[in-house]
Amino acid sequence: MQDYSWSAPGGYVAILLEEVWKSFKGNTVLRGVDLRVPRGSVYVLAGPNGSGKTTTIRTILGLYRRDRGRILVLGCDPEDSCWREVVRRTGYLPEDASPYERLTGYENILFYAKLHAEGDPRRIKELVERAVDISGLSRSELHKRAGAYSKGMKRRLLLATSLMHNPELVVLDEPTSGLDVFSQHAIRRLIRSLAQEGRTILVTTHNLLEAELIADYVGFIYKGTIVYEGPVHEAIKKFNASNLEEAFIRCIDSMGR
Ligand code: ADP
């Protein structure tokens, strides 16, 4: 078991996983994952490619069924009837998401706004305005086909469609991967500003230095197990490191990698 002696802000946990196991056709990917995401924090699940980050996210969101273990998201088990309500309160950006390329950016936004608003024109307008604002795209950019967008513009558009309904829980799988420095910076700033508004943000990355830039709490995942979890500054201190990347390497080395 992890050491949970560190205290969460408000003493409340938005996402709780205990001993969660998941395999695909005999290939065990999650090996007893224990994880606690404090409400109102940015929690970065960080680890190398193939360590189980996406599988953890998809299992948390009920997209994969766990083999065993306990999961609570905003107090609800993904297999219970309360889950519909949790989905409504959650914004999720999958790693491999892409916009409708034949539609303009604006039409993409409008499409999702209509889905969320269930026909209420005032609500549609409100959602569109919020998404346009989050996207940071100019009026002329919004009226271009999304297929003609740069990778960074596509990602900002997708973030806008994932966040337009003002979710209290935001789950972003590798939101900055493959982007240039300006787009990465813009997305990290957006993540921090979402947290300042009191939301809970769970982000995955394989970039430990990026994790240090945005995280309040970090979970190191390695070969399907959380090998460390706690506040970023405590991770650096515990492993006597100068940054989070070094802390991760030392953590893994201490286990006899
Ligand atoms: P990460 O996000 O850390 O890169 P993943 O969770 O995507 O890691 O993958 C961890 C392991 O699980 C990989 O070996 C991958 O091949 C396997 N895996 C993930 N999803 C599936 C799936 N749907 N079916 C079979 N194997 C999977």
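Predicted model: local features only at pLDDT ≥ 70, side-chain atom pairs only at ≥ 80, totals over all residues.
Strands of a sheet pair through backbone hydrogen bonds, and the pairing can be either parallel or antiparallel. In this model, three strands make up an open sheet whose order is β2-β1-β4, with antiparallel pairing. The strands at its edges are β2, covering residues 27–38, and β4, covering residues 68–73, and each of them pairs on one side only. From one strand to the next, the twist averages 15 degrees.

Strand β1, which spans residues 13–24, is joined to β4 by five bridges, and the two strands run antiparallel. Within this part of the sheet, Glu18 has Arg70 in β4 as its bridge partner. Helix α1, made of residues 53–60, lies across β1, β2 and β4, and the helix runs at about 115 degrees to β1.

**The cysteines**

A disulfide is a covalent bond between the sulfur atoms of two cysteines. One disulfide is found when the whole structure is searched, and Cys76 and Cys82 form a disulfide in which the sulfur atoms are 2.1 Å apart. The link of Cys76 and Cys82 is right-handed, with 90 degrees about the S-S bond.

| Residue | Relative accessible area | Class |
|---|---|---|
| Cys76 | 3% | buried |
| Cys82 | 33% | partly exposed |
| Cys251 | 2% | buried |

How values were computed
Residues numbered from 1 in each chain as written. Heavy atoms only, no water. Pairing = 2+ DSSP bridges. Helix = DSSP H or I, 4+ residues; strand = E, 2+ residues; numbered from the N terminus. Axes fitted to C-alpha atoms, helices over the stretch in contact; angles between N-to-C directions. Contact = heavy atoms within 4.5 Å. Disulfide = S-S within 2.5 Å. Buried < 20%, exposed > 50% of the residue type's maximum accessible area, 1.4 Å probe, protein only.
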